Amino acid sequence: MHYVIVGNGVCGIEAALALRRKDGEARITLVADEHDHFYSRTALMYVFAGQMRVRDTEPYDRGLYERLHFERVRRRVAELDAPGKSLRFEGGSTLAYDRLLLAVGSRARPAPWPGAAGPGLHYFVTLRDLEGLDHEAKPGRRAVVVGGGLIGVEVAEILLARGLQVTFVVRENWYFPLALDEREALMVAEHLRAHGVDVRLGANVEEVRRGADGALAGVRLGDAPRTQAALAPGAAEVPCDLLVCAIGVVPNTGFLAESGLQLSKGGAIEVDDALRASAPDVWAAGDCANVTWADGSRRPEQLWYTARDQGRVAAASMLGDGATYRRGTWYNSAKFFDLEYTTAGWVPVRLDWDNTPLDPGPDVSDWFQRSPGRSDTQRIVCKGERVIGFNMLGGRWNHEVLLDWIDSRRSLSFVLDRLADAQFDEELSPRWRRQPLPSQS
């Protein structure tokens with residue numbers, strides 16, 4: 001049996017390890033064109049900052065492939081011949097498979113603005129992106145970062161730390177509306193501005209301006225749809241020497257356009273509950289796979305731990321073990337500069353893509369607290385009396401405890417009485433306390 005895995009990120013490597021644990025004799029080939037070894041993409045910012053080498057981001061030792069008899073192919077796939085069960089590489093060579101896993105991940109969403117293509121435009125998803133940005137990001141230069149998500153704020157942080165002037169442009173009325181409500185986002189924006197970032201909210205890029213030599217000159221901004229406040233006079237154009245587009249990612253599936261595989265409108269590979277694609281002996285997992293969410297919608301899950309879990313399930317399915325992918329309760333963590341963020345469970349989106357406020361639905365409410373004089377908030381989402389989600393900013397929180405309370409269907413009063421138990425014991429960090437209700441006049 002020859003298993004071929006395209007992609008050696010967390011999804012691909014976890015699948016390869018799971019296959020080898022169950023089948024010591026099979027031929028297993030990992031195909032990737034970016035790097036010889038699995039590395040952690042979430043650590044790229046620390047490589048840029050000089051705190052780590054690329055090799056430090058590799059979770060496994062470099063002898064793993066040889067020790068487990070994994071074959072490595074360092075080439076870019078140009079085409080999948082599903083009926084012929086083979087891959088064609090750029091340059092014309094081919095590789096046959098018995099069973100194939102597509103774990104090709106995602107790539108940066110291309111900048112859509114007039115004038116964007118050309119020198120000075122950067123992304124921050126791959127090693128090549130890191131190398132390009134590292135080469136041009138010189139202290140004293142002016143950078144514009146566009147995109148109100150996690151990649152955007154990471155890039156703003158590392159560019160500012162290197163000594164660049166950073167303008168952070170967010171189309172929505174508040175930062176990261178997929179995860180934060182207006183109160184939380186306001187605190188994050190305050191935090192970024194306190195660090196020296198020029199934060200522009202409710203702003204839409206209309207055009208990228210270039211000089212006669214093609215070099216970047218600036219970015220022209222306009223009001224985003226339904227924005228609540230017009231841009232200040234004179235603030236419509238921001239001069240810049242480099243531009244980072246961080247407006248999300250898309251499945252890295254362009255090479256599958258003529259493969260016959262069923263793809264979603266956004267380019268993700270349609271899979272069933274066992275992560276099988278529409279062609280025989282082909283599976284897909286990770287950022288490139290269209291899976292069913294708890295609310296019944298279908299879209300990719302673009303998280304590290306879901307890619308890991310899908311890789312393991314795909315391997316079991318390829319082995320014929322009857323595996324089914326079902327994601328557990330949602331959780332994630334991140335940092336906005338030095339502001340910690342932990343989320344768990346269902347936290348409803350409060351702002352649509354066009355800045356329209358969204359109703360979370362019947363019987364859904366929030367308990368919210370911001371500690372006086374401190375940059376920390378706690379938001380607990382309830383459906384009726386039952387706690388269904390947490391958003392915690394500032395301080396560090398143990399998501400395993402939060403998930404246990406959600407899965408155990410605990411009440412708000414139960415959680416508030418014990419919330420300090422979910423706080424990591426940080427040196428010199430004050431313990432969480434419930435603030436007294438304001439007095440009634």
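Tyr 175 and Phe 336 are both buried, where buried means under 20% relative accessible area, exposed over 50% and partly exposed in between, with a 1.4 Å probe and protein chains only. The model is predicted: local features need pLDDT of at least 70, side-chain atom pairs count only at pLDDT 80 or more, and totals for chains, interfaces and linings use all residues. Residues are numbered from 1 along each chain as its sequence is written, and side-chain values use heavy atoms, with hydrogens and water left out.

**Aromatic pairs**

- The whole structure contains 11 aromatic pairs (rings of Phe, Tyr and Trp, the last by its six-membered ring, with centres within 6.5 Å; planes under 30 degrees apart are stacked, over 60 edge-to-face, the rest tilted).
- The pair of Tyr 175 and Phe 336 is edge-to-face because the ring planes stand at 90 degrees, with the centres 5.5 Å apart.
- This pair links distant parts of the chain, 161 residues apart: Tyr 175 is in the loop between strand S11 (165–170) and helix H6 (182–195), and Phe 336 is in strand S22 (residues 331–336).
- Helices (H or I, at least four residues) and strands (E, at least two) are DSSP runs, numbered from the N terminus.
- Tyr 305 and Tyr 331 are stacked, with 4.0 Å from centre to centre and 15 degrees between the planes.
- Tyr 305 belongs to helix H7 (residues 304–318) and Tyr 331 to strand S22, 26 residues apart; both are buried.

**Ring cluster**

- Phe 168, Tyr 175, Phe 176, Phe 336 and Tyr 341 are joined into a cluster by ring pairs.

**Charges over rings**

- The charged end of Arg 72 sits over the ring of Tyr 65, 4.2 Å from its centre (NZ of Lys or CZ of Arg within 6 Å of the ring centre and within 35 degrees of the ring normal).
- Arg 327 lies over the face of Trp 293, 4.8 Å from the ring centre.
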